[in-house]
Amino acid sequence: MATNHQPSTDRPVVVDYRSHRLHVEAMRRNQTVGWVRKRLRSFPFAFAGIGHLLRTQGNAQIHVAVGSVAIILGFLFNIERGEWLALALTITLVLAAEGVNTAVEAVVDLVTPGFHPLAKIAKDVAAGTVLLTAIGAVVVGVIIFLPRLWTLAAPWVIGAL
């Protein structure tokens, strides 16, 4: 009995498994490289957004200044790792909230040139979110720095009484 060893025509013929595997791996690598390139190309847009935020928003400039003072105090007082973590997250959260607030205001102004009660709500809630994060940042700053500042100031304060 003769057997037919010809492959069926409904699927591709793989002559060399290794070369096929290498080809598939190369395709995956090219897809990964393309994905990474797309991500890297988006960075300039993100930096442009941060630049716009810092150039045009007075409150963002104040947040950066206060955050910078907190970082300097952190180095001067040699704060602990957990305190650095709280400080970094707090500063980042406040600046991120300011960025979202700026974006919300821009979109609301774009779609609602006149007064609209819902536009007011959107803007007020976005601004309120920034205020909440800023209050939280002050609380974190007080918890981290007030005891250290009191240790420095106490001799003068008590001596003045």
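**Pocket, helix and core**

Author: Let us begin with the largest pocket, which has a volume of about 340 Å³. Val66, Gly67, Ala70, Ala137 and Val138 are the closest to its centre, among 17 lining residues. Please bear in mind that this is a predicted model.

Reader: Which helices each supply at least two residues of the lining of the largest pocket?

Author: They are helix 2, helix 3 (81-111) and helix 4 (117-160). Helix 2 gives the most, with seven residues.

Reader: How many residues of the lining are nonpolar, polar and charged?

Author: The lining of the largest pocket comprises 13 nonpolar and four polar residues, and no charged ones.

Reader: Let us turn to helix 2. What distance should its 20 residues span?

Author: At 1.5 Å a residue, helix 2 (residues 58-77) should span 28 Å. The expected span takes one less than the number of residues. The end C-alpha atoms of helix 2 are 29 Å apart, which agrees with that expectation.

Reader: Which residues of helix 2 are buried, and where do they fall when seen down the axis of the helix?

Author: The general idea comes first. An α-helix has 3.6 residues a turn, so residues three or four places apart point the same way. In helix 2, the buried residues are Ala60, His63, Gly67, Ala70 and Gly74. Seen down the axis, the buried residues of helix 2 fall within an arc of 80°, so they line one face of the helix. Phe75 and Leu76, on the other side of helix 2, are exposed.

Reader: What follows helix 2?

Author: Helix 2 is followed by Asn78, which lies in the loop between helix 2 and helix 3. Asn78 has a positive phi of about 50° although it is not a glycine.

Reader: Is Asn78 buried or exposed?

Author: Asn78 is exposed, since its relative accessible area is 65% and the cut-off for exposed is over 50%.

Reader: Finally, which residues make up the largest nonpolar core?

Author: Again, the general idea comes first. In soluble globular proteins, nonpolar side chains tend to be buried together. Here the largest nonpolar core has seven residues in all: Ala70, Ile79, Leu87, Ile91, Val140, Ile144 and Phe145. Helix 3 and helix 4 are the elements that give two or more residues to this core, and helix 4 gives the most, with three. Ala70 belongs to this core, and Ala70 is also one of the residues closest to the centre of the largest pocket.

Notes
Residues numbered from 1 in each chain as written. Predicted model: local features only at pLDDT ≥ 70, side-chain atom pairs only at ≥ 80, totals over all residues. Heavy atoms only, no water. Helix = DSSP H or I, 4+ residues; strand = E, 2+ residues; numbered from the N terminus. Buried < 20%, exposed > 50% of the residue type's maximum accessible area, 1.4 Å probe, protein only. Arc of directions from axis to C-beta. 1 Å grid on protein atoms, 1.4 Å probe; cavity = no way out; pocket = protein on both sides within 12 Å on 5 of 7 lines; lining within 4 Å. Points joined across faces, edges and corners; volume = space filled by probe spheres on them. Nonpolar A, V, L, I, M, F, W, Y, C, P; charged D, E, K, R; others polar. Core = buried A, V, L, I, M, F, W, Y, C linked by side-chain atoms within 4.5 Å.
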